[in-house]
Amino acid sequence: MHPFASYVLRSYYRSTGWNEDNLYANLTRSSNAILDFTVPRGLHLSVSKSPNSLFNTSYSMNAMPSLNGSVGYIFTSCDLDVKNSGNVRFKDMIERFRVYDTPRRPEPRQEEWLAGERVDVRQYLLYGRFYLPTGRLDALYSTRLSPTVQALVAAISDPRSKLTNDRRARSDNSSNVMLSLQHDIGKWCTEYTWSADDGMWGVRVLHNFGKQKVAADTPADEALPPSGSPTRVRRVDEEEAIGGGLKGRFSAGAEFYFSAKEKSAGVSTGIRFTTSPDATPQSFQLPANSSSPLSLASTPRGLPSPPTTITALFNPMMGHMSGAYAARVSPDLALGSRFDFNVYSYESEWTMGAEWWIRQKHTKSDNDDDTPVTPLDSYQDVLGVVKARASTQNDVSLMWEGRLKNMLVSLGVVSDLSSRAKPIKAIGLELSYFSSG
């Protein structure tokens, strides 16, 4: 489950029109949501508050296995519509499998004028978190230099007295400052980074093949057709749709980094294929002979392709190769698998995962009148999601995330099937509550 700070940061990106998914670092984001989800460890409590649309506070505490906590503050230059934990869209708080639409060029912000003078200010976000009792301080500053350029400054300050003797001997310092400059024009996205700790310089680039399309503000897998509308919704890729096979687009990228302190360098490259999503969610794609008016709005030409993402990564210097496949096989079930292999050591790992959404099913007794229940009704009420992961390393993880009253809950367990002495490696519970106004 996303921490409150991550939820606010994503809301800021959405409000300013920045697409964080069009980065090489997020190339495998869809499959990672199924195969690399984070299980809470111990007992974690989080309480957050938004006094107004510009300022947010967050308090968290880990009660087990050790007692520690943190206090965080976030300030933005633009108004954010931050919901309460009781009414926030549940899918906005979960890292989940998604098929993202074709990236588009960020649009310039509308100018604001007052008495003949331009009064609009540069968009920015300030974030800071202080940890107790360690005294560590994390900070983030994000600002838009232009409609297509964003700058980020991230800093970590940890008192040197907390370092171990081994780290003092190596002259390690856990404090660091990292600068990042991102340039996104939709078809291309480039990121330049610099780290002060080890003097590392890096560049990442991602290119999206195919024609640029104007995407709607609402993600393709969340767009809802008007109830009872007989108008057929046009598919995003309809002009190129053919029967059979997967229809989509490719993205390819690479990264290169060099550390002046370590006198070392690294490089990696990756490619991704993703299907072009329909303007209508799969949960509304009823059979053509259905009597529901929704069937008229969701009948594509040919057989619809299931939302699918295929990725491949290769690091030639480390000899690491990785290939992942993820797809939504039904409206409530997504499956994924990944194979990792090292050409130098011949070590390999196969990971499998699943994501199952639990929804509330309506009956006629739930309605005050005799209005028939449509798929649109059951699509809205998400009760939670169950995620499972297993690998050839004998690790099995299971997690449930849902909402109890006005609180978001995550409950998970990690087990090691090869260990009889300690089959349960970790178990955790995370409770999160936040409010606004």
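Colleague: Which residues form an aromatic cluster with Tyr7?

Modeller: Phe4 and Phe434 do; together with Tyr7 they make one aromatic cluster. Keep in mind that this is a predicted model.

Colleague: How many aromatic pairs are there?

Modeller: The count comes to twelve aromatic pairs. One of them is Tyr12 with Tyr13.

Colleague: Why quote both a distance and an angle?

Modeller: Because a pair of aromatic rings is described by the distance of the centres and the angle of the planes.

Colleague: Is Tyr12 buried or exposed?

Modeller: Tyr12 is buried, at 0% relative accessible area. Tyr13 counts as buried too, at 7% relative accessibility.

Colleague: And what about Phe75 and Tyr124, why is that pair called tilted?

Modeller: The ring centres of Phe75 and Tyr124 lie 6.4 Å apart and the planes are at 40°, so this pair is tilted.

Colleague: How accessible are Phe75 and Tyr124?

Modeller: Phe75 is partly exposed, with 31% relative accessibility. Tyr124 is partly exposed as well, at 25%.

Colleague: Switching to charges. Which residue lies over the face of Trp357?

Modeller: That is Lys91, at 4.9 Å from the ring centre. There is also Arg136, which lies over the face of Tyr131. Here the distance to the ring centre is 5.7 Å.

Colleague: Now the backbone. Where is Pro133, and is the peptide bond from Leu132 cis or trans?

Modeller: Pro133 sits in the loop between β6 and β7, and β7 covers 137-146. The bond from Leu132 to Pro133 is cis, with omega near 5°.

Colleague: Why point that out?

Modeller: Because most peptide bonds are trans. Most residues other than glycine also have a negative phi.

Colleague: So what is the phi of Lys263?

Modeller: Lys263 is not a glycine, yet its phi is positive, about 55°. Lys263 is in the loop between β12 (248-259) and β13 (264-275). Lys263 is exposed, at 66% relative accessible area.

Colleague: And Tyr346, where does that one lie?

Modeller: Tyr346 is in the loop between β16 (333-342) and β17 (348-359). Tyr346 has a positive phi as well, about 65°, and is not a glycine. At 63% relative accessibility, Tyr346 counts as exposed.

Colleague: Last topic, strands. How many bridges join β7 to β8?

Modeller: Nine bridges join them, and the two strands run antiparallel. Strand β8 spans residues 149-157. A hairpin connects β7 to β8 through two residues.

Colleague: What is the bridge partner of Thr143 in β8?

Modeller: Ala151 is the bridge partner of Thr143.

Colleague: And how many bridges join β8 to β9?

Modeller: Eight bridges join β8 to β9, and this pair is antiparallel too. Strand β9 spans residues 176-184. The partner of Val153 in β9 is Leu179.

Colleague: Where do side chains point along a regular strand?

Modeller: In a regular strand, the side chains alternate between the two faces of the sheet.

Definitions and conventions: Residues are numbered from 1 along each chain as its sequence is written. This is a predicted model: local features need pLDDT of at least 70, side-chain atom pairs count only at pLDDT 80 or more; totals for chains, interfaces and linings use all residues. Side-chain values use heavy atoms; hydrogens and water are left out. Rings of Phe, Tyr and Trp (its six-membered ring) pair if their centres lie within 6.5 Å; planes under 30 degrees apart count as stacked, over 60 as edge-to-face and the rest as tilted. Buried means under 20% relative accessible area, exposed over 50%, partly exposed in between (1.4 Å probe, protein chains only). A charge sits over a ring if NZ of Lys or CZ of Arg is within 6 Å of the ring centre and within 35 degrees of the ring normal. Helices (H or I, at least four residues) and strands (E, at least two) are DSSP runs, numbered from the N terminus. Two strands pair if DSSP finds at least two bridges between them.
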